[in-house]
Amino acid sequence: MAALTAATTHLYLSTDLEQGQPQRDPTEVDMIVKWMLLEDAVRSVQDGLISKAGSPLGIFLAARSLAP
């Protein structure tokens, strides 16, 4: 996600998901899906391993939203 952009990004928190067959559009063919614990995802953002688009923001907001 660029520092300044006119684009709109929508972030959703989904729960109780089950893995199924991907139905990707042409812009998603190189997307990698990796299931991990939320705490591991937060650590991956902090370590710079997850940095594309709105993923870091979504992970941090999910962690905050789901915190006890």
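Predicted model: local features only at pLDDT ≥ 70, side-chain atom pairs only at ≥ 80, totals over all residues.
Q: How many helices and strands does the protein chain have?
A: Helices (H or I, at least four residues) and strands (E, at least two) are DSSP runs, numbered from the N terminus. Here the protein chain has 2 helices and 0 strands. Its C-alpha atoms fill a box of roughly 40 × 35 × 20 Å, taken along the principal axes.

Q: What share of the residues in the protein chain is buried?
A: Buried means under 20% relative accessible area, exposed means over 50%, and partly exposed is in between (1.4 Å probe, protein chains only). On that scale, buried residues make up 12% of the 68 residues.

Q: Now the helices. At what angle do the axes of α1 and α2 cross?
A: Two packed helices are described by the angle between their axes and the distance between the axes. The axes are lines fitted to C-alpha atoms, for helices over the stretch in contact, and angles run from 0 to 180 degrees between N-to-C directions. In this model, α1 (residues 38–46) and α2 (residues 55–66) have axes that come within 10 Å and cross at roughly 140 degrees. That makes α1 oblique to α2. For the cut-offs, angles under 35 degrees count as roughly parallel, over 145 as roughly antiparallel, 65 to 115 as roughly perpendicular and the rest as oblique.

Q: Is the crossing of α1 and α2 left-handed or right-handed?
A: A crossing is left-handed if the near helix is turned anticlockwise from the far one by less than a right angle, and right-handed if clockwise. This one is left-handed.

Q: Which residues make the contact?
A: Contact means heavy atoms within 4.5 Å. From α1 you get L38, A41, V42, V45 and Q46, and from α2 there are P56, I59, F60, A62, A63 and L66. Sorted by class, that contact has 10 nonpolar, 1 polar and no charged residues. The classes go like this: Ala, Val, Leu, Ile, Met, Phe, Trp, Tyr, Cys and Pro are nonpolar, Asp, Glu, Lys and Arg are charged, and the others, Gly among them, are polar.

Q: How many salt bridges does a search of the whole structure find?
A: Side chains of opposite charge can pair when their charged atoms come close. The salt-bridge test asks for a side-chain nitrogen of Lys or Arg within 4 Å of a carboxyl oxygen of Asp or Glu. Searching the whole structure turns up 1. R43 and D40 form a salt bridge through their side chains, at 2.9 Å, N to O. Both residues sit in helix α1, 3 residues apart, about one turn of the helix. R43 is partly exposed at 43% relative accessibility, and D40 is partly exposed too, at 28%.

Q: Is S44 buried or exposed?
A: S44, which is in helix α1, counts as buried, with 13% relative accessibility. Leaving out residues up to four places away in sequence, S44 touches M36, L49 and I50.

Q: What is the phi of D16?
A: Phi of D16 is near 55 degrees, a positive value in a residue other than glycine. D16 also belongs to the segment before α1, and it is exposed, at 79% relative accessible area. P26, another residue to look up in that segment, is exposed at 71%.

Key: Residues numbered from 1 in each chain as written. Heavy atoms only, no water.
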